[in-house]
Each structure stands twice: as structure tokens, then as C-alpha cells.
There are 2 protein chains.
Amino acid sequence: MGATVTSRALDILGAFDGEHRSLSLTELARRAGLPLATAHRLVGELQRWGALAREPGGEYVIGRRIWQLGLLAPVQSGLRQAASPFLHDLYGTTLATVHLAVRDALEVLYVERLAGHVSVPVVSRVGSRLPMHATGVGKVLLAYAPEEVRLEVLQNLTRITAYTVTQPARLLEQLRRVRAEGYATTGEEMSLGACSVAVPVRNGDTVVAALGMVVPDLRRQLPRLVSALQVAAHGISRTLAGPASVQWK
Amino acid sequence: MGATVTSRALDILGAFDGEHRSLSLTELARRAGLPLATAHRLVGELQRWGALAREPGGEYVIGRRIWQLGLLAPVQSGLRQAASPFLHDLYGTTLATVHLAVRDALEVLYVERLAGHVSVPVVSRVGSRLPMHATGVGKVLLAYAPEEVRLEVLQNLTRITAYTVTQPARLLEQLRRVRAEGYATTGEEMSLGACSVAVPVRNGDTVVAALGMVVPDLRRQLPRLVSALQVAAHGISRTLAGPASVQWK
DNA sequence: AAAGTTCTTCCACTGGATGGAAGGAGTCTC
DNA sequence: GAGACTCCTTCCATCCAGTGGAAGAACTTT
């Protein structure tokens, strides 16, 4: 094998995801790729600490202590909190689905999402990951990502809908325009019936997040949406750079 | 020593808290009680997995992966989501600080909190823990906790303000009344200038959480607040019991 | 009651974990 | 600008915590 103990414990935690919020010991062992006895021992220890909890039915779920720890992550305590009021304003004035996302390795990680009943059905959830090349926020983040990230992503442009951009050259051209014009758009590239616009959120000079909206149709209202997004993005940037908040250092 | 590898890895994670969101390797090792070399190795592994992240300055913070995992905890995905709209309604009609909390071992764990600018300054934050005997939500949770929990808590009634109830007999009497009347109150027992009311939130027959509000003065408006809280609590209960939501099993 | 599950415990062997020590890489001090 | 800091990284011989097959307990199903 050659697996460290820590990596095994982490594999157990990694066995949980949006589709698997509660797992029996056996499932957990199988998904983590560990022998039952080993999983049993590790799971016991994780549970005692509070990383996992056991439901009445005997199944394991993520524990409160992990939830609590997660609240300390900078995504949550810095970015998310700084952005929250601006997202609400945006949502209030447009009533479209609003997204805040960061780049995590080669994917988009959704940090916050506001969606009304009215709005277009969207795939993303808070905490979920999507490919960068097919989402508005993803294109923004990719446009400002380090060269090597961009190259790697361009090598693997998987098709999701008929409109997904899968030619590296075409995407590169789009990214160039994102940098030039300050916003990105998509048209049914991730899911049919959904278009999106997104703009960068900066902290100082570096782009730290992207702010986007999803609407059924862009054509008519693009300029209006872009400026609304930019106002909000600037607000977030100012808050981030601002009075070092309460929670920095 | 006799510490398992897993426990050491967890000690590292446990070194982070609300007052220590970012730690240098040395601090981390000291707080976790580990030799530097050991901490270094474990921290590296945690970072590679995404449990920790490294800031530009070289300090470690909780990583996005932990944040993401935390979103899967039942506290978050079941209770918190079910309660959210009702909390907003409550807040909207009263403009007081609103709290949702659960019992975690012998303490109150705050799951959600809405506070306006207007409201009384309060100690609690989302994810923080406070003693049960000095908070409204705590008294509710204690009143419905298993006998053994109650006994243990009663043995250690630390004084926080001049008004904190520290006599076991007096607290027991209060808890009896909580069960009889369906709500609990506090008057400056946790922090001066703040009073609170709280009611239980049930899932079926069992009390799973407490819903509370903090106000500068109770006298005049108690009945009004209690009924508002109860309406909201019932709503939450119904949602919890309800259509098994999207996210159960 | 027999044949399934899934979970828990045990224990002799072994390879991953350990941590003191030495060596970088900055930063401050006089 | 040499010396004294602090903080981080790497190395490796020793050893103890981790391992996981197997047996058995606790259920459920047939």
C-alpha cells in the first residue's frame, strides 16, 4: 500500500459529499478504500473527537466540530461575510440567481448563492464545484488565473451541453476579451436555458473571487447587469481591503 | 505519550478557534502539543489534502475542503436550512437578536444568529459555544436534556455576572417551569444589559434545538415575544418533520 | 432456525511514524 | 556585517502505533 495513517483518516472524511451525507460503516470503508476493521478503528476515533457523528440509525455523518472548524476558513469568515450584504442588494434589485465563487485548483468553488423561486433552475450549490470553462464565474477566474492553470484547464474542455466551448483557441479568445472588457458571459454552456454574466472581485490587485448572475436570457439587459455586478464587486473589494475587518490576524 | 497518529492530526485542527484563525507552524505545534518536526509533517499532509491552506505570509488557516465538508453536517444542511426562513421572519417582525442553538455535550452551540445594528451587544457567534445555565436557549436545552446531562451541568454552575443562577436547586426549579410553561428566560445572567427568552424546537417528540431572542428588557413584551417564538418554532418543527426535505438520506 | 447482513473485538506482526539534530532562510541587533 | 535571533525544512535510525484477517456478536431476512 504505502498509505499514511493521516491520509486514510482523510480518505474517510473525503468519502462524504453532497450525494453521500450519511454513510454506514461498510459503505464508508468501501468508498474510502479501506479494510473494514481499519475503517472501524479510524471512524471511532474521528467520532470521539467530533469530526463524525452517528445518527440514531447507526449511520455516520459529518460532525458539528467539522462544521464549526469550517466557519473559521477564510472563504467563510473573510470573503463570504464581506460579500454578503452586496449579494443581497444585487439579488434584491435583479431577483436573478446570484453567485460568488473562487477558484480552487482547476475548478470553480461556489462560496455563496442566492436564488429566488422565480429564477432559472441552476446546478450549483454552496460548496459545490463546477468546471471553469462552462460557467460565467469560471471564465472570469480563468481569465485572471496563472498561466499554468489556464494551460491545464484548456487541455481538458469537456463538453456539457451543445453550446459548451470546447475549442481551446476559442476559449482563449474569450478570456482575452474578459480581461479587456471586465466581464464574462456564457450562453447555455453549462445547462440549457441558463445564461450568465460575471465580473471579477479584487483584493488589491489580485482577483480573489468572481461575482456572477444567472438569467434566462442576456441580450436585452446585459449592460444593466454588468454595471450592477461591477458596483457590487467594487463594494466587496473595498470591504476586503478596508478596515482589515475584525477577523484578520 | 500514547497518542495515536489520528489524534495528533486532529489536535492540529483543534488548535484553530475563533481567536486563532491563522497560526504559524511553531504556534500550531505548540498549541497542539507536538514536536515541531512531527507537526511539520502532519501539517504538510493536511495541507496537501486541503484541510489546511497556507496564507501568503506562511501562516496556516483552515482550508476550503473543511469548509465544504462542514456544509454537509446535519446541523447545517438540515436544521439550519429548515430554520432560516423562520428566523428571518422573526427578525423582521421584532428586530431583536435571534438565535438558534443546539446542545453539544454540556454546552450550547450556536447554529445561527441574526443580529441587527440596533440590537443589544451579544457574546454569541455562529459556531461559538456558551454555558447552558446562563443563556435562554441553554436553559431550554437543559430542561429537555437527559437526566445525566442535567446532573453534570448542575455540578458546575460557574458565575458569569452578578445575576447568574449558581444554586443547583434554583436552576432545577427554573427548568421545571420551563417544561411546564414551554419557554425559558434569563435576565442579565450572561452579560449585563441583556435579557433573553427561548422556546424549544422539536422534531417529532424530541427537542432538537432551541430558538431564542435577546432584548434589553423583557417585562413589557414577554407574552408577545413568546408567542412569536412559538409560532416560528412550530414552523421549523413542521419543516423538519415535513417532506423529508431534499437532503435526507 | 438457518443464512444472510453489518458491526465489533482481538492480537501477533510490521512498516509508517517519530523527533532529535543539523542545516537553510530570513530578520533583528549592536 | 558579524553574530544572535527565530522560524522552517529535511534527514534517518529506532520503535511503537497501526494493521487487517479472522472470529464472534448483534441484527435482519428468508
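## How the two copies are related

In this predicted model, chain A can be laid on chain B by a turn of 180° with a shift of 0.0 Å along the axis, and the superposition has an RMSD of 0.0 Å. The two copies are therefore related as by a two-fold rotation axis. Within chain A, the residue whose C-alpha comes nearest to that axis is Gly70(A), at 2.7 Å from it. Both copies use the same surface, since 100% of the contact residues of chain A recur in chain B.

## The contact between the chains

Where the two protein chains meet, 36 residues of chain A are in contact with 36 residues of chain B. On the side of chain A that touches chain B, at least two residues each are supplied by H1, H3, strand E3 (60-62), helix H4 (64-70) and helix H5 (74-94). By residue type, this side of chain A divides into 20 nonpolar, eleven polar and five charged residues.

The largest share, four residues, comes from H3(B), and the residues near DNA strand C as a whole divide into ten nonpolar, eight polar and two charged.

DNA strand D is surrounded by 19 residues, and the closest of them are Ala37(A), Thr4(B), Ser24(B), Leu25(B) and Thr26(B). The elements that each supply at least two residues here are H1 and H3 of chain A, together with H1, helix H2 (25-32) and H3 of chain B.

## A buried strand in chain A

Strand E5 (residues 107-114) of chain A is largely enclosed by the rest of the structure, because six of its eight residues are buried. Strand E4 (residues 97-104) of chain A runs antiparallel to E5(A) and is joined to it by seven bridges, with Val102(A) having Leu109(A) of E5(A) as its bridge partner. E4(A) and E5(A) form a hairpin with two residues between them, and in the turn Ala105(A) has a positive phi of about 55°.

E5(A) also pairs with strand E6 (residues 129-131) of chain A, in the antiparallel sense and over three bridges. In this pairing, Glu107(A) has Pro131(A) of E6(A) as its bridge partner.

## A covered strand in chain B

In chain B, strand E8 (residues 195-203) is mostly covered, with seven of its nine residues buried. Strand E7 (residues 184-187) of chain B pairs with E8(B) in the antiparallel sense over four bridges, and the bridge partner of Thr186(B) in E8(B) is Ser196(B).

E8(B) pairs as well with strand E9 (residues 206-215) of chain B, again in the antiparallel sense, over nine bridges. Here the bridge partner of Val201(B) is Ala209(B) in E9(B). E8(B) and E9(B) form a hairpin that has two residues between the strands, and Gly204(B) in this hairpin takes a positive phi near 70°.

Notes:
Residues numbered from 1 in each chain as written. Chains lettered and ligands numbered in written order. Predicted model: local features only at pLDDT ≥ 70, side-chain atom pairs only at ≥ 80, totals over all residues. Nonpolar A, V, L, I, M, F, W, Y, C, P; charged D, E, K, R; others polar. Near = placed C-beta within 6 Å. Least-squares fit on C-alpha atoms with pLDDT ≥ 70 in both. Contact = placed C-beta atoms within 7 Å. Buried ≥ 20, exposed ≤ 12 C-beta atoms within 10 Å, placed from the backbone. Pairing = 2+ DSSP bridges.
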